[in-house]
Amino acid sequence: MNPREIIQKAYEEKRRKLLEHEAFEIIKAYNIPAPETAIARSLEEAIKIAEKIGYPLVLKIVSPDISHKSDVGGVILNIKSKEELIKAFNKIYENVSKNAPGARIVGVLIQKMAPKGLEVIIGGLRDNIFGPVVMFGLGGIFVEVLKDVSFRIAPLTEEDAFEMMSEIKASKLLEGYRGQPPVDKKSLAKIILSVSKLLEENPEIESIDLNPVMAYPDNAVVVDARIILKT
């Protein structure tokens, strides 16, 4: 489905939060890089997807009733074989059944596991006065602890994107530290500009969080995506 169809489907089902595989479909439509991802609705389907994508993998529960997947045991990392996949697939259903009884389960997201990189966040929201606003900062747990982020009103230029990266207090981390090479800021700038365009072209989107985005010396990929629609 294209972004318009995905958004329309969510509204028809009276959902404001897109399911994670839907959010990935939308960002891929805007050429935002992400690991190979597919949703499995059965163990047999999960095995077929895993054979196609290859190991290691990450499994994530997909449910309109669960906001924090990790809190209910709905995420299992670093699955390296078919045997581990079968065990993890059954374990996720067991965890969710125990910790979130009654939650509707759409399936399990099968995702190629991304190597560790510098975690950043790229997101945006729709402000009542300024309209679409794009955000950049350190990602993962740091975004809540340090609140080290920069904002710009869309539409953005490439110069804006580079300025946002230079404005955060921890910008030196992007340049490399303790022997770590600098990250590919040009790839990050492309994602920032794509988020700007996505917000401009889809007025139904209230907010988007790509967190973390793994930044490497030669590229960057989105590991988690969250999109909320307007009421």
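**Salt bridges, a buried serine and a surface patch**

Good morning. A salt bridge here is a side-chain nitrogen of Lys or Arg within 4 Å of a carboxyl oxygen of Asp or Glu. Helices (H or I, at least four residues) and strands (E, at least two) are DSSP runs, numbered from the N terminus.

The model is predicted: local features need pLDDT of at least 70 and side-chain atom pairs count only at pLDDT 80 or more, while totals for chains, interfaces and linings use all residues. Residues are numbered from 1 along each chain as its sequence is written, and side-chain values use heavy atoms, with hydrogens and water left out.

How exposed are the two partners? Glu158 is partly exposed, at 37% relative accessibility, and Lys186 is partly exposed too, at 45%. The terms are as follows: buried means under 20% relative accessible area, exposed over 50%, and partly exposed in between (1.4 Å probe, protein chains only).

The whole structure holds 15 salt bridges. Another of them joins Lys116 to Glu119, with the closest N and O atoms 2.8 Å apart; Lys116 is exposed, at 67%. Within it, Glu13 and Lys9 pair at 3.0 Å between their closest N and O atoms.

Let us turn to Ser150, in strand β7 (residues 149-153). Is Ser150 buried or exposed? Because its relative accessibility is 4%, Ser150 counts as buried. Its side chain makes a polar contact of 2.5 Å with that of Glu167. A polar contact is a pair of N or O atoms within 3.5 Å; within protein, one must be able to donate a hydrogen and the other to accept it, and residues adjacent in sequence count only if both atoms are side-chain atoms.

On the surface, Ile129, Phe130 and Ile153 form a nonpolar patch with about 350 Å² of accessible area together. Patches are made of residues with over 30% relative accessible area and no salt bridge, joining like charges within 9 Å and nonpolar side chains (Val, Leu, Ile, Met, Phe, Trp, Tyr) within 5 Å. Accessible areas come from the Shrake-Rupley method with a 1.4 Å probe; for residues, only the protein chains shown count as cover. Ile129 sits in the loop between β5 (118-127) and β6 (131-138).
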